[in-house]
Amino acid sequence: MEKSLLFILFCCMGFVAKAQTIEEIKILDANEIVPVCIFDAPTAYQNGTTINIRLGETATSTVTVINKETGEPAYSMIYAGTDNILFDLKGKAKETYTLLINIEGMKYTGEFTL
């Protein structure tokens, strides 16, 4: 009988030890995380050669302006922690340009002529 009780005791201890095993929780890399919030679409305004972009909320963004005819970049800048972007394209050719805005992974595009 003592052997049976010892056997049951060892089985119960094994079960308890198995139940308390620590398992690793996988932390996702930044590239694997899907954004859960959606920013308001930015608005862009042109006043002559000056471009003003309003993001709707403070964010990190990349703004690129590409000459539509030649495909060459006319302007590119990374902005961190701002909701209002203002830049001047004075001295650039009077042609049509493509405006590319990347706000924390969300991409927007527009077109304007100087």
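This is a chat about a predicted model of one protein chain.

Reader: Let's start simple. How many helices and strands does the protein chain have?

Author: There is 1 helix and there are 5 strands. Reading from the N terminus, the order is α-β-β-β-β-β.

Reader: And what's the mean pLDDT of the protein chain?

Author: The mean is 76, with 66% of the residues at 70 or more.

Reader: Where is the pLDDT below 50?

Author: Over residues 17-34. Beyond near neighbours in sequence, that stretch has 2 contacts in the model. Where pLDDT is low, the predicted coordinates should not be read in detail.

Reader: How much of the contacts comes from residues 24 or more positions apart?

Author: Such residues account for 51% of the contacts with a separation of 6 or more.

Reader: New topic, aromatics. How many aromatic pairs does the structure hold?

Author: There are 2 aromatic pairs. One of them is Tyr-75 with Phe-87: the ring centres are 4.1 Å apart and the planes are at 5 degrees, so this pair is stacked. Tyr-75 and Phe-87 are both buried.

Reader: And what about Tyr-97 and Phe-112, how far is it centre to centre?

Author: For Tyr-97 and Phe-112 it's 5.8 Å centre to centre, with 25 degrees between the planes, and this pair is stacked too. Tyr-97 sits in strand S4 and Phe-112 in strand S5, so the pair ties together parts that are 15 residues apart in sequence.

Reader: What else is Phe-112 in contact with?

Author: Leaving aside neighbours within four places in sequence, Phe-112 is in contact with Gln-46, Ile-51, Val-65, Leu-89, Glu-95, Thr-96, Tyr-97 and Leu-99. Val-65, Leu-89 and Leu-99 are also listed, along with Phe-112, among the core residues with the most contacts.

Reader: Now something polar. What does the side chain of Thr-64 make a polar contact with?

Author: With the side chain of Ser-76, at 3.5 Å. Thr-64 belongs to strand S2 (residues 50-67), while Ser-76 is found in strand S3.

Reader: Buried or exposed, that Thr-64?

Author: Thr-64 counts as buried, because its relative accessibility is 16% and the limit is 20%. Ser-76, at 47%, counts as partly exposed.

Reader: Which residues does Thr-64 touch?

Author: Not counting residues up to four places away in sequence, Thr-64 touches Tyr-75, Ser-76, Thr-98, Leu-99 and Leu-100. Looked at from Ser-76, with neighbours within four places left aside, the contacts are Val-63 and Thr-64.

Reader: You mentioned Thr-98. Where is its place?

Author: Thr-98 is in strand S4, and with a relative accessible area of 19% it is buried. Apart from neighbours within four places in sequence, its contacts are Thr-64, Val-65, Ile-66, Lys-68, Thr-109 and Gly-110.

Reader: Last one: what is the phi of Glu-104 near?

Author: It is near 45 degrees, which is a positive value in a residue other than glycine. Most residues other than glycine have a negative phi.

Reader: Where does Glu-104 lie?

Author: Glu-104 lies in the loop between strand S4 (96-103) and strand S5 (106-113). With 46% relative accessibility, Glu-104 counts as partly exposed.

Definitions and conventions: Residues are numbered from 1 along each chain as its sequence is written. This is a predicted model: local features need pLDDT of at least 70, side-chain atom pairs count only at pLDDT 80 or more; totals for chains, interfaces and linings use all residues. Side-chain values use heavy atoms; hydrogens and water are left out. Helices (H or I, at least four residues) and strands (E, at least two) are DSSP runs, numbered from the N terminus. Buried means under 20% relative accessible area, exposed over 50%, partly exposed in between (1.4 Å probe, protein chains only). Rings of Phe, Tyr and Trp (its six-membered ring) pair if their centres lie within 6.5 Å; planes under 30 degrees apart count as stacked, over 60 as edge-to-face and the rest as tilted. A polar contact is a pair of N or O atoms within 3.5 Å; within protein, one must be able to donate a hydrogen and the other to accept it, and residues adjacent in sequence count only if both atoms are side-chain atoms. Contact means heavy atoms within 4.5 Å. A nonpolar core is a set of buried Ala, Val, Leu, Ile, Met, Phe, Trp, Tyr and Cys residues joined through side-chain atoms within 4.5 Å. pLDDT is the predictor's confidence in each residue, from 0 to 100.
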